[in-house]
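Subject: Structure handover

Hello,

Please find the structure below. My notes on what was found in it follow.

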Amino acid sequence: MSRLADIPVRVEAAVPGCGSADPGGQGGSGGLGGGVTAILSELGELLTRLATQGEPAAIDLRSLPMTQLERERLRHALGDGEVQATVTAAGVSRINETGMAGVWWVEHRDAHGELQAELLEVCRVPEFLARAQDEIAAAGQALSRGARGGS
Amino acid sequence: MDLLGFARGPALKVAIAVFCLGVVWRIVGFALLRIRRDLSAPRRALLKTLGAGAWTVGTRSWPHPEFIGRTGAGEALGYSYHLGLFAVVLLFTPHILFLRSLFGVSWPGLPSSLITIIAVLTLTLFLAVLFRRITNPVMRMLSNFDDYFSWFINALVLVTGLAATAHVGGPYERLLALHILSVDALLVWFPFSKLMHAFYIFPSRAINGALLARRGAVS
Amino acid sequence: MSAPADMLSAHVTPAQERAPEERVAGAMRTFVQEVGALSAFRLESCIHCGICAEGCHFYIATEDPKYTPIWKVEPFKQAYKREASPFAPFFKLFGLKREVSAEQLGQWQHLLFDSCNMCGRCSLICPIGIDVAALIEQARHAMFDAGLAPAELYQKAARQRETGQPEPSAEPYREQLLAIGRRFGVEIPLDRAEADVMLCVPRTDIEQYPSAVAALARVMQHLEASCTFRSDALVAENYGYYAGGKAWQRDISLRLIEQAIACGAKTLLVPECGHAYTALRWEAADLYGRPLPFQVRHVSEFLAEELQAGRLKLKRADTGRTTFHDPCQLVRKGGVNEAPRQLMQALGVDLHELKNHGGFSFCCGGGGGVVDIERAAPLRYRVMENKLREIDDTGAENFLTSCSDCRHTFDDARAHFGWDKSPRSLLELVADNLSSADGRS
Amino acid sequence: MTRDTAELVGEALLRHGVSRRAFIKFCTAAASALALPPGAGLAMAEQLRQRPRPSVVYLSFQECTGCLESLTRSFSPSIEQLIFDVISLDYDDTLMAAAGEAAEAARTKAMKDNFGKYVLIVDGSVPTGAGGAYCTAGGRTAVDMLREAAQGAAAIVCVGTCSSFGGIPLADPNPTSAWPVSAIVSDRPIVNISGCPPIPELITATLLQYVSTGQVPELDSHLRPKVFFGNTIHDRCYRRPFYDQGKFARTFDDEGARSGWCLYELGCKGPTTYNACATVKWNGGTSFPIESGHGCLGCSEPGFWDKGSFYAALPEASWGKAGRTAPHQVLELGAAAAAAGAVLGLAAAGVSRLHQRHSEQSGDQGDGPQGGATGG
């Protein structure tokens with residue numbers, strides 16, 4: 001066995017809707033795959049709560065192992081929204097609004113481009129985009145110092 | 001050593017030793033009592049007699065048509081939980097691995113989920129059997145500690161086994177340890193109890209069948 | 001030939017003369033003494049499933065759990081576990097099995113004698129294959145040695161052992177037998193020095209069914225068989241067997257054995273009496289201590305053999321729709337199943353079998369000496385109802401049997417219930433229908 | 001730095017130019033690894049920024065440095081961020097630049113300055129044999145150093161199976177009389193992050209959570225954070241459905257193995273092993289042993305070296321010493337017991353027969369032949 005690729009490993013789908021054996025992803029409910037349908041219905045509930053009580057929430061996608069196919073189904077179901085933000089802070093983060101108002105697809109990567117966290121945030125605007133009080137204060141002081149120095 | 005190690009190590013050894021010792025002790029202890037030669041002239045030749053004895057081992061497994069109406073249901077209940085037990089004990093993969101490690105032989109098993117269903121059914125039958133023993137006046141009168149304790153210890157093995165498979169009631173290794181400990185207890189209890197009928201039933205039928213056949217009577 | 005007479009006498013005293021502890025000790029000693037590997041195996045194997053109850057007509061009729069066959073030996077199971085089982089030291093040391101009490105044994109007298117016909121049906125239903133009836137027989141031995149055999153059986157056995165007659169009679173049986181011959185015009189072969197076949201009769205026949213005695217003589221005459229009765233051993237029954245007195249049973253059997261040997265018989269012919277067959281055919285050799293030097297045949301077997309050999313020729317008998325009661329000791333416990341049916345076929349009997357027939361037949365209710373125990377009568381009648389119903393259900397006008405104890409029991413029931421049927425003896429039917437092609441009869 | 005002037009995490013972050021967003025991201029990743037509710041990352045970030053940076057002392061005893069290797073390979077949060085921003089790693093003889101007396105001095109100073117406040121991380125088991133001589137540093141034994149360091153520690157985090165449960169050094173015959181930390185220190189909160197090595201994310205996430213809340217997480221009976229050690233590998237294994245269907249690989253290269261079937265029969269210890277391998281996985285969530293075709297060894301469990309072969313299926317009887325196969329031993333044991341049983345049985349039957357003969361001779365039952373056709 002000279003190369004890794006020569007090892008004939010095949011993974012058989014044991015769970016319905018999890019793996020290539022179920023290309024349509026019809027059986028998306030139940031099993032380790034989490035299930036797109038379940039995520040969508042949970043999002044629906046969270047949006048209702050946000051609309052009525054103003055309470056933000058999030059779903060951690062890393063805790064719900066999904067196949068590539070399921071991920072695509074989910075993305076397709078949510079669609080694209082108006083905002084696509086890219087934040088560069090200790091690596092790149094992408095905050096994309098989805099077609100469902102109030103649902104944000106948030107992806108954090110580290111400096112090496114490795115995915116660190118992936119969430120579906122349910123909020124008006126992701127808190128992540130806002131700046132901290134002390135940072136703003138520090139910036140204010142810096143500007144003031146600059147203005148004084150410039151005059 | 002943890003509980004699991006104890007259960008399947010020293011405790012298992014002791015249990016197997018007690019089991020072998022007790023079973024042989026008990027069988028030798030009564031089989032070597034005197035046997036008088038039957039001096040009456042037999043009606044059937046020896047070979048026919050022995051053949052009829054062997055035949056009775058099978059035929060006595062089910063009541064004669066004359067008796068079915070009164071005993072068929074009870075016997076069916078009895079046999080069905082025995083079959084369930086055998087299926088669970090002999091066809092569950094972890095059990096096969098356990099037996100393989102002890103005896104070096106193995107055979108294919110059934111899907112674990114199917115075994116779980118059988119085990120639950122068997123447990124239900126166990127409860128039915130206990131209910132019957134308590135409510136049937138004849139059985140209640142005949143029953144002694146042996147009957148109830150043998151039931152209990154078998155049920156315990158079933159319940160701990162199910163709990164271990166379902167991971168209910170504690171960490172798996174503790175449940176597994178309890179399961180194996182209950183089996184150890186069963187092995188120790190076995191030779192001193194009615195469970196010995198596992199060894200007795202076939203020879204007993206054969207002897208009865210042969211003695212009746214010797215006289216030319218139906219068995 | 002046999003053990004000396006003084007060694008044969010068992011010093012059994014009646015119940016009332018013995019202290020309770022002595023009684024228990026005697027019973028347990030006898031039972032434990034007698035337990036060999038086979039009985040031990042039977043006692044070891046029981047799983048308390050209670051199925052034997054469903055085979056016993058005492059339980060079926062009353063639904064009273066105490067009539068469960070294996071329960072009838074419970075004190076002895078207890079004694080075995082304590083005294084002779086492989087783990088006896090444990091049982092004793094930890095007091096796991098209590099000692100049997102005199103009171104307990106007293107209660108068990110009813111179970112072992114009044115409510116057991118020793119019919120052996122339980123031994124056929126047991127899924128483990130335990131011969132429960134064999135255990136009950138051993139338990140009866142123990143009860144006898146405890147002085148707990150029912151008085152009727154005990155007294156009859158004692159008298160039979162002493163005098164050869166279970167009960168006194170106005171005239172000795174020998175005279176009665178000869179009188180029957182005169183009455184029915186048939187020669188009674190008696191006390192011939194040499195004979196191929198030795199005959200005996202049920203005392204029930206002498207007293208109640210003399211026609212059966214005559215029938216036996218007539219059939220033997222027809223067959224031109226070399227045969228004889230012996231004055232010293234006329235009675236076929238063995239009350240020692242019923243009462244559980246093993247030594248007495250042996251003494252009583254020995255009378256017949258000695259006489260059969262004395263006349264050089266090749267065959268000891270057991271008349272229509274079920275338990276006599278068990279006692280002589282299956283148990284006598286063991287009590288005698290060696291194989292018997294002659295064969296033992298029930299009269300129906302003997303006649304069936306003669307029929308096969310072409311020596312017995314029969315006319316067709318018109319008995320109408322007929323059924324047959326299989327005596328337990330002959331059929332279930334003795335294997336004499338085919339012979340009576342061969343005879344009935346030769347007689348052209350229109351046989352309609354009972355629902356439970358052959359090896360599965362219910363006992364008439366009188367077996368095991370029960371018919372002789374007066375206080376057992378109410379229970380016996382209760383139990384018999386099922387049997388009578390089975391006979392009625394065949395729609396038969398007539399029914400036959402080949403045991404005079406059964407016959408007596410049925411006739412007793414006829415009187416009690418005002419039943420419309422009376423059993424006929426198969427032997428008598430044969431005797432009445434001997435083919436006269438050769439000019440005889 | 002002293003207690004009074006301890007720098008806040010937020011200040012340190014600003015000083016190093018780590019923005020709030022970067023820190024939220026870091027905490028979100030940690031919360032995700034800890035399986036905390038999704039909103040907890042943000043809350044943790046805000047809390048942490050207001051807390052002083054804790055001093056951390058890292059002691060290594062009988063160990064192989066595998067645990068530290070594992071820790072430095074933590075992907076999220078990474079060790080660099082952790083060391084510089086959240087904690088103040090004041091002593092680690094492997095990582096620190098200082099050596100010799102300077103290093104020991106740094107330790108003493110950190111322990112003195114932060115007495116009662118620092119976090120003590122221990123890696124490796126503690127030998128007690130030969131007066132502790134099997135493991136010394138700067139002339140002091142491991143037991144000594146541990147006892148001293150434990151006195152001022154707010155909490156002790158045991159990294160790896162050796163410090164948690166004794167690990168390899170404690171395995172039979174345990175020549176150095178090695179013990180886990182919990183056997184030596186009992187008056188300080190202890191958190192065990194077991195594993196050989198432990199999953200790096202578990203170490204960093206546990207530290208982060210401790211720092212942000214000041215409280216040890218909820219622990220199981222082996223003092224491991226329940227959030228990571230609450231389930232068995234088997235519970236969360238993607239091959240579990242094959243177990244339920246009864247589809248098992250029987251060798252490492254049979255059709256079952258190629259098809260990715262359950263490795264139970266090949267000795268996988270997943271059902272008795274509590275760890276997060278099946279969910280957090282290794283190398284930044286790339287894979288874990290079962291995923292690459294090998295059964296779980298059970299490395300995060302106490303005594304795992306002494307639990308028989310890695311390749312013996314779980315329910316197999318454990319019959320100790322190698323060299324004699326179990327069937328052979330069963331045969332021997334069974335035969336010996338059966339022989340003893342036969343002797344006892346013989347004796348029992350003999351006694352019963354003697355008893356019977358005796359009572360026959362003395363009893364009132366007539367002598368001579370006994371036992372009817374149905375008797376005996």
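Which strands of chain C does helix H20 lie across, and at about what angle does helix H20 run to E8(C)? Helix H20 (residues 404-417) lies across E5, strand E7 (398-401) and E8 of chain C, and runs at about 155° to E8(C). Axes are lines fitted to C-alpha atoms, for helices over the stretch in contact, and angles run from 0 to 180 degrees between N-to-C directions. Helices (H or I, at least four residues) and strands (E, at least two) are DSSP runs, numbered from the N terminus.

Some background on the model. This is a predicted model, in which local features need pLDDT of at least 70 and side-chain atom pairs count only at pLDDT 80 or more, while totals for chains, interfaces and linings use all residues. Residues are numbered from 1 along each chain as its sequence is written, and chains are lettered from A and ligands numbered from 1 in the order in which they are written.

Chain C sheet

In chain C, four strands form an open, parallel sheet in the order E6-E5-E7-E8. Strands pair if DSSP finds at least two bridges between them. Strand E6 (350-351) and strand E8 (423-425) of chain C are the edges, each pairing on one side only. Two bridges link strand E5 (residues 321-325) of chain C to E6(C) in the parallel sense, and Arg321(C) stands opposite Asp350(C) in E6(C).

Chain D strands

Strand E1 (residues 55-60) of chain D runs parallel to E2(D), joined by four bridges. Val57(D) has Tyr91(D) in E2(D) as its bridge partner. Strand E2 (residues 88-92) of chain D is mostly covered, with five of its five residues buried (20 or more other C-beta atoms within 10 Å of a residue's own, the C-beta atoms being placed from the backbone).

Chain contacts

Contact here means that the C-beta atoms of two residues, placed from the backbone, lie within 7 Å. Between chains D and B, 41 residues of chain D are in contact with 41 residues of chain B. On the chain D side, H17(D) provides the largest share, 17 residues. That side divides into 21 nonpolar, 14 polar and six charged residues (Ala, Val, Leu, Ile, Met, Phe, Trp, Tyr, Cys and Pro count as nonpolar, Asp, Glu, Lys and Arg as charged, and the others, Gly among them, as polar).

The contact of chains B and C takes 50 residues from chain B and 45 residues from chain C. On the chain B side, H10(B) gives the most, with nine residues.

Regards

How values were computed. A residue is buried if 20 or more other C-beta atoms lie within 10 Å of its own, exposed if 12 or fewer, and partly exposed in between; C-beta atoms are placed from the backbone.
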